Amino acid sequence: MTAAALVFAGLAALLHVYIWVMESLTWTSARTRATFGTSQAEAEATKELAFNQGFYNLFLALVTAGGIAAFGAEDDRVGATLVFCGAGSMVAAGLVLLLSSPGKARAAITQLALPAVAVVLLAVALA
């Protein structure tokens, strides 16, 4: 069960690295604007905010990846702590988006589904 949790945590981390790329590196591109439903003017006006927000996503991914690496190094306590912190924060951020912007439910569920599965599987595995 731990292995499955770590696979989902890894997928969540990869998704959040992709979100970092879109928010911090390609925010004003046509493809990213289409993904987020923003106009060229909106993308330009929010470029600095998106850049910052993208790094939050990257850092959550790195914390989660660090937890996976700690499990690989057989330090389950540190690994679990980091995966719960990183993936749990991804879930919390997705819930904030869902509750504050119900119209963005698809994006929120995309953001929180993989890490939620990881957190639940890891909690069950360690119980």
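**Comments on the predicted model**

1. Chain contacts. In the protein, residues 24 or more positions apart account for 59% of the contacts with a separation of 6 or more; a contact means heavy atoms within 4.5 Å.

2. Basis. The model is predicted, so local features need pLDDT of at least 70 and side-chain atom pairs count only at pLDDT 80 or more, while totals for chains, interfaces and linings use all residues. Residues are numbered from 1 along each chain as its sequence is written, and side-chain values use heavy atoms, with hydrogens and water left out.

3. Fold. The protein contains 6 helices and 0 strands, in the order α-α-α-α-α-α along the sequence. These elements are DSSP runs numbered from the N terminus (helices: H or I, at least four residues; strands: E, at least two). The radius of gyration is 15 Å, close to the 14 Å that the globule rule gives for 127 residues, so the protein is as compact as a globular protein of that length. This radius is taken over C-alpha atoms, and the rule is 2.2 Å times the number of residues to the power 0.38. Along its principal axes, the C-alpha trace spans about 50 × 25 × 20 Å.

4. Burial and surface. Of the 127 residues, 33% are buried (under 20% relative accessible area; exposed is over 50%, partly exposed in between; 1.4 Å probe, protein chains only). The protein exposes about 7,200 Å², and carbon and sulfur atoms supply 69% of that area (Shrake-Rupley method, 1.4 Å probe; for residues, only the protein chains shown count as cover).

5. Aromatic pairs. The whole structure holds 4 aromatic pairs. Rings of Phe, Tyr and Trp (its six-membered ring) pair if their centres lie within 6.5 Å; planes under 30 degrees apart count as stacked, over 60 as edge-to-face and the rest as tilted. One of the pairs, tryptophan 20 with phenylalanine 55, is edge-to-face, at 5.8 Å centre to centre and 75° between the planes. This pair links distant parts of the chain, 35 residues apart: tryptophan 20 lies in helix α1 (residues 2–25) and phenylalanine 55 in helix α4 (residues 47–72). Tryptophan 20 is buried at 18% relative accessible area, whereas phenylalanine 55 is partly exposed at 25%.

6. Tryptophan 27 and phenylalanine 36 form a tilted pair, with 5.0 Å between centres and 55° between the planes. Tryptophan 27 is buried at 11% relative accessibility, and phenylalanine 36 is partly exposed at 31%. Trp20, Phe51, Phe55 and Phe59 form one aromatic cluster.
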